[in-house]
Amino acid sequence: MALIDLLPANYQNSSEVVDLQNALSVQVGKVQAAKDDLFLQLHVETATWGLSLWERALGLAIDLSRSYDFRRSRINSKLRAQGVTTAAMIQNVAQSFSNGAVDIIEHNSEYRFDVKFTGTFGTPPNMDDLTAAIEEIKPAHLAYAYIYVYITWDSVETYNHTWGAWDAKNLTWDQFEQYKE
C-alpha cells in the first residue's frame, strides 16, 4: 500500500502531495529494509555485519578475513560454553574440531586433564583452533595435554596384516601410522 492511499481523496488530486508521498514512500521502504536487516543481526545464524558485534560482546578476536560460517561456529561454540565448564563440554568441543571420538581423562588431584583422540589416528586437523577453543572455555588453573593415537606394530598384528599388505599400499611411515581402513 502506498502512503498516498492513506490520505483523504482530495489530497490524491494534488501533484505536490503525490510527489511528496512518493518521495516519502521510497524513504519508508529504505527504513523498513534497514529494520529487517537489523533484525537479522540479532540471530547468529543470519547475522552478517553484526557478527563483529557478537564477537566483541563475547570477547572473541574479530577476523574479517574468515568466512561467515567459521565466525558463526566460533560464536555458537562460545555461547554453548557459557556457564560451568565440564568434561562433557570440553569433549563436545574437541569432537567438533577433530571430527572423531575424543575421551577426556581427568587428573583432578593434579589440576589437569588429557584430551585423547580415540576416533582419529595421528594429529587431527585444525589443532590451533581447537587449542584456542579449549583455552577459552577451560578454567584458568587447569593444565591439559593432547594424546594422539597412532597405528603400532602390535595393532598391525591385531588386524592380521603383514607388512607386505601395508607396503603394497605405498604408504610412507607417517601415512601408515595414521592409516584407517
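Tyr 144 sits in strand 3, residues 143–149 (strands are DSSP runs of E with at least two residues, helices runs of H or I with at least four, both numbered from the N terminus). The model is a predicted one, so local features need pLDDT of at least 70 and side-chain atom pairs count only at pLDDT 80 or more, while totals for chains, interfaces and linings use all residues. Residues are numbered from 1 along each chain as its sequence is written, and side-chain values use heavy atoms, with hydrogens and water left out.

Setting aside neighbours within four places in sequence, Tyr 144 is in contact (heavy atoms within 4.5 Å) with Phe 113, Thr 131, Ile 134, Glu 135 and Lys 138. His 107 lies 37 residues from Tyr 144 in sequence, with 9.5 Å between the two C-alpha atoms.

Phe 113 has its own list of partners: beyond four places in sequence, Phe 113 touches residues including Ile 90, Ile 104, His 107, Leu 142 and Tyr 144. Along with Val 115 and Leu 130, Phe 113 touches the most other members of the largest nonpolar core, which has 16 residues. Such a core is a set of buried Ala, Val, Leu, Ile, Met, Phe, Trp, Tyr and Cys residues joined through side-chain atoms within 4.5 Å, where buried means under 20% relative accessible area with a 1.4 Å probe, protein chains only. Helix 4 (87–98), strand 1 (102–107), strand 2 (112–121) and helix 5 (127–137) each bring at least two residues to this core. A second, separate core of six residues includes Val 44, Leu 58, Leu 60 and Ile 75.

Zooming out, the protein chain holds eight helices and three strands, and 29% of its 181 residues are buried.

Definitions and conventions. Buried means under 20% relative accessible area, exposed over 50%, partly exposed in between (1.4 Å probe, protein chains only).
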